[in-house]
Amino acid sequence: GITVMGVYPIQTLKEMSDHDFFGAEDWQYQPCSLDLTFDLSAMRVARFAMPPCTSVEDAWKMSQPVGEYEPDEIERGCVYLLPIRQRFKLPSDVMCRANPKSTTGRLGMLAQLIVPGHDRYDEIPPHYDGQVYMQVISMCNNIILSETEPLIQVRFMELDTRSEEHT
């Protein structure tokens, strides 16, 4: 398994951004996490995609695409795939774990991070270089989304590189 040595603090996250591991604006940084932003260019799908998906296109095919949207609101009971604006280029000794922001649950929404080619939700593996996506569904009400109100945050974790098991 993967041995996590610790979670990176805000100062390290800013240094990582400076070295092009990801891009972010100052307001996205939290003490030990990064709020992810998304584009409203969404794909509405009939059901959640299950990892692993070799590409988001595969996820859309598996999820029975209904159509492309730029939703003013997320309709109750409908599933959407939205691209995350931050592109990641992680080194071999860093991985990310994602979780919904507390507001997401209070709004009655489920949000999960999908990484093309990875077999788990809410995880960006070491060495990953590319785009990530979010699946979102409102369980209670129609919700108006704002690109500046994050639904998911990620924590960057230092891995024990002495172990070869996390490759």
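**Entry 1. Terms and overview**

I count two strands as paired if DSSP finds at least two bridges between them. I needed that before looking at Ala98, whose bridge partner in E15 is Val154. I note that the model is predicted.

I looked up the elements of the chain and found three helices and 15 strands. Of the 167 residues, 47% count as buried. I then checked the contacts with a separation of 6 or more, and residues 24 or more positions apart account for 76% of them. The chain exposes about 8,500 Å². Carbon and sulfur atoms supply 47% of that area.

I asked how many residues of E15 are buried. Six of its eight residues are, which makes the strand mostly covered. E15 spans residues 152–159.

I went through its pairings next. Strand E9, residues 94–100, is joined to E15 by seven bridges, and the two run antiparallel. Strand E3, residues 33–36, also pairs with E15 in the antiparallel sense, over three bridges. I found Val154 of E15 listed as the bridge partner of Leu34, and Val154 is the bridge partner of Ala98 as well. Strand E1, residues 4–7, pairs with E15 over three bridges, again antiparallel. Here Val4 stands opposite Leu159.

**Entry 2. Helix H1**

I moved to helix H1, residues 10–18, and noted that Leu13, Met16 and Ser17 are buried there. Why do these three count as being on the same side of H1? They cover an arc of only 100° around the axis, so they share one side of the helix.

I asked which exposed residues sit on the face of H1 turned away from the buried side. I found Gln11 and Asp18 there. What covers the buried residues of H1 includes strands E2, E3, E9 and E15.

**Entry 3. Two single residues**

I looked up Thr104, which is found in helix H3, residues 102–106. Is Thr104 buried or exposed? Its relative accessibility is 0%, and the cut-off for buried is under 20%, so Thr104 counts as buried. Leaving aside neighbours within four places in sequence, I found Thr104 in contact with Met109, Ala111 and Leu151.

I then looked up Gln112, which lies in strand E10, residues 109–114. Gln112 has a relative accessible area of 16%, so Gln112 is buried under the same cut-off of 20%. I also checked Gln112 against Tyr133, 21 residues apart along the chain. Their C-alpha atoms are separated by 8.4 Å.

**Entry 4. Cysteines**

I looked at two cysteines, Cys96 and Cys140. Cys96 is buried because its relative accessible area is 0%. Cys140 has 43% relative accessibility, which lies between the cut-offs of 20% and 50%, so Cys140 counts as partly exposed.

Note on methods:
Residues are numbered from 1 along each chain as its sequence is written. This is a predicted model: local features need pLDDT of at least 70, side-chain atom pairs count only at pLDDT 80 or more; totals for chains, interfaces and linings use all residues. Side-chain values use heavy atoms; hydrogens and water are left out. Helices (H or I, at least four residues) and strands (E, at least two) are DSSP runs, numbered from the N terminus. Buried means under 20% relative accessible area, exposed over 50%, partly exposed in between (1.4 Å probe, protein chains only). Contact means heavy atoms within 4.5 Å. Accessible areas come from the Shrake-Rupley method with a 1.4 Å probe; for residues, only the protein chains shown count as cover. The arc is that of the directions from the helix axis to the C-beta atoms.
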